[in-house]
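The report below is written for a reader who has the sequence and the coordinates at hand and would like a guided account of the architecture.

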Amino acid sequence: MSAALPSPSFDRNEVRARFALDYVRDRHRRLIAGEEVIVHCHHYNSRIQRTVEGAAGIDGKAIFRTAARTAFLRQITAGFRDGDDETARWAVAEELFAELGYGSLDLADPASDTVHQSAGHFVEGWGVAFADQSKPVCTLAEGFIEAAFMAVRGESVEVRETHCMHCGASQCSFSIRRGVEAWTAPSRPARRESVSTSADAELADSNIDDNAIIQAVVGLPIRGGDDGLIPAFGVYLANTPADFYNQVAIEFVEAMSESGQRETACRLLSEAGESCAMNTFRGIMDSAEWEALVAPMLQEPADTLFALVALSNAFGWGNWRITEHEPGETLEIVSFNGYEALGFLESRGQATQAQCWMLQGVSAGMMALVYGEGSFSERFGTYLTEEHDCIAKGNTMCAFAVEES
Ligand SMILES: [Zn+2]
Ligand SMILES: [Zn+2]
């Protein structure tokens, strides 16, 4: 918020407190302002974006932007309180963007035709992962700003990034076009929940104290600092609505299916998960937090795998557990309420095929990270996952079998 426009109703800390994390322990869900959020790093987020926006023959940018607009309209609105004036409501939007870890937006002058961003999660992500600097990368921010105009003023605007720090600009700039066709957000599909405990599955043993890891990670302040970024574990983290990821993945697969490329689409989504597992978890394993908390529990290589699963449960990836493991060879893992499966059920109904691309990729990536050798590119694809059961197909849990490819 610009210092030039103080508002008597605006107190930054009070606004941030509206977005305090609510961790639902028995389901491993992270809620912020009523929206389930998933912790992912810049590697995953920028890779998913590049996958969707880079595919030929579909409008991936529109898929990404619209999914952001839909999820953030709900979340921004949930941050409003009775008595908020318009200045306070713009501040709510700004602070949500920063709290979630996307960076720093300046919405202090909504009458202007331009909005600026001085730090961006996707700018960091693309800067690390991809050399191509020819196109702006802050599509999620475009959707977020469109949602903010709708939430604060009920106004439909079209937001496009004209200059991006990723392409060398000193700050990202977004043009605001008014008088565009009115848009409305679809209402949220009815929430479903599935089995929340591991009662039906026989779990494999390890030397890892899951609860200690989960408790410690949930206690970490995974929230944006002054610049709205969350550097942690050697990566940049962000809290992203599960419904955003689900809408992006489902619409991407549907759009690609129209040109007969369904399998390619699913493979690409799964590869983003695999890359995420290797990059994020490697960063985590090299971090001081890991050294202090997890390293003392590790007695054999397999323990690392169990620790990573506990950690991903704290990140909200889907309450999953290892049921069988042959070190270096095979892994059987189940998930009781993965957001991908539930999201598909909620918006599309029962599926004929498994739908959990991220968890499929992460399962393979964890095995490659813990047991593989050589660089990441040499390890990539050395393990393959088959999701034989999926909640989206009507099974009581998702079940993944991983083996060497
Ligand atoms: Zn940008
Ligand atoms: Zn599944």
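What follows is a description of a predicted model, taking up its sheets, the helices packed against them, the contacts between helices, and its salt bridges.

**The sheet built from S4 to S7**

Four strands make up an open sheet whose order is S4-S5-S7-S6, and the pairing within it is antiparallel. Strand S4 (103-106) and strand S6 (158-163) stand at the edges with a single partner strand each, so one side of each has no neighbour in the sheet. On average, neighbouring strands of this sheet are turned by 25 degrees against each other, direction ignored. Strand S6 is joined to strand S7 (residues 172-177) by 5 bridges, the two running antiparallel, and in this part of the sheet His-163 stands opposite Ser-173 of S7.

Two helices are described here against this sheet. Helix H4 (residues 86-100) lies across S4 and strand S5 (114-120), and its direction is at about 165 degrees to that of S4. Helix H5 (residues 121-129) packs on the sheet as well, where it touches S5 and S7, and its direction makes about 55 degrees with that of S5.

**Helix-helix contacts**

Two packed helices are described by the angle between their axes and the distance between the axes. The table sets out these values for two pairs.

| Helix pair | Angle between axes | Axis distance |
|---|---|---|
| H4 (residues 86-100) and H6 (residues 139-153) | about 155 degrees | 10 Å |
| H2 (residues 42-54) and H5 | roughly 85 degrees | within 8 Å |

With axes at about 155 degrees, H4 is roughly antiparallel to H6, because angles over 145 degrees are counted in that way. H4 passes H6 in a right-handed crossing. On the H4 side the contact is made by Glu-86, Arg-89, Trp-90, Ala-93, Leu-96 and Phe-97, and on the H6 side by Leu-140, Ala-141, Phe-144, Ala-148, Phe-149, Val-152 and Arg-153. The residues of this contact of H4 with H6 divide into 10 nonpolar, no polar and 3 charged.

The axes of H2 and H5 cross at roughly 85 degrees, and the two helices are therefore roughly perpendicular to each other. Here His-42, His-43, Asn-45, Ser-46, Gln-49 and Arg-50 of H2 meet His-121, Phe-122, Glu-124, Gly-125, Trp-126, Val-128 and Ala-129 of H5. This contact of H2 with H5 has 4 nonpolar, 7 polar and 2 charged residues.

**Salt bridges**

Side chains of opposite charge can pair when their charged atoms come close. Across the whole structure, a search finds 22 salt bridges. In one of them the side chains of Glu-142 and Arg-65 meet, with an N to O distance of 2.8 Å. This pair links distant parts of the chain, since Glu-142 belongs to helix H6 and Arg-65 to helix H3 (residues 60-78), 77 residues apart.

**The sheet built from S10 to S13**

A further open sheet of 4 strands has the order S10-S11-S13-S12, again with antiparallel pairing. Its edge strands are strand S10 (320-326) and strand S12 (383-389), each of which pairs on one side only, and the twist from one strand to the next averages 20 degrees. Strand S12 is joined to strand S13 (residues 398-404) by 6 bridges, the two strands running antiparallel, and Asp-389 has Ala-399 as its bridge partner in S13. Helix H13 (residues 357-371) lies across S10, strand S11 (330-335), S12 and S13, and runs at about 145 degrees to S12.

Note on methods. Residues numbered from 1 in each chain as written. Chains lettered and ligands numbered in written order. Predicted model: local features only at pLDDT ≥ 70, side-chain atom pairs only at ≥ 80, totals over all residues. Heavy atoms only, no water. Pairing = 2+ DSSP bridges. Axes fitted to C-alpha atoms, helices over the stretch in contact; angles between N-to-C directions. Contact = heavy atoms within 4.5 Å. Parallel < 35°, antiparallel > 145°, perpendicular 65-115°, else oblique. Left-handed = near helix turned anticlockwise from the far one by under 90°. Nonpolar A, V, L, I, M, F, W, Y, C, P; charged D, E, K, R; others polar. Salt bridge = Lys/Arg side-chain N within 4 Å of Asp/Glu carboxyl O.
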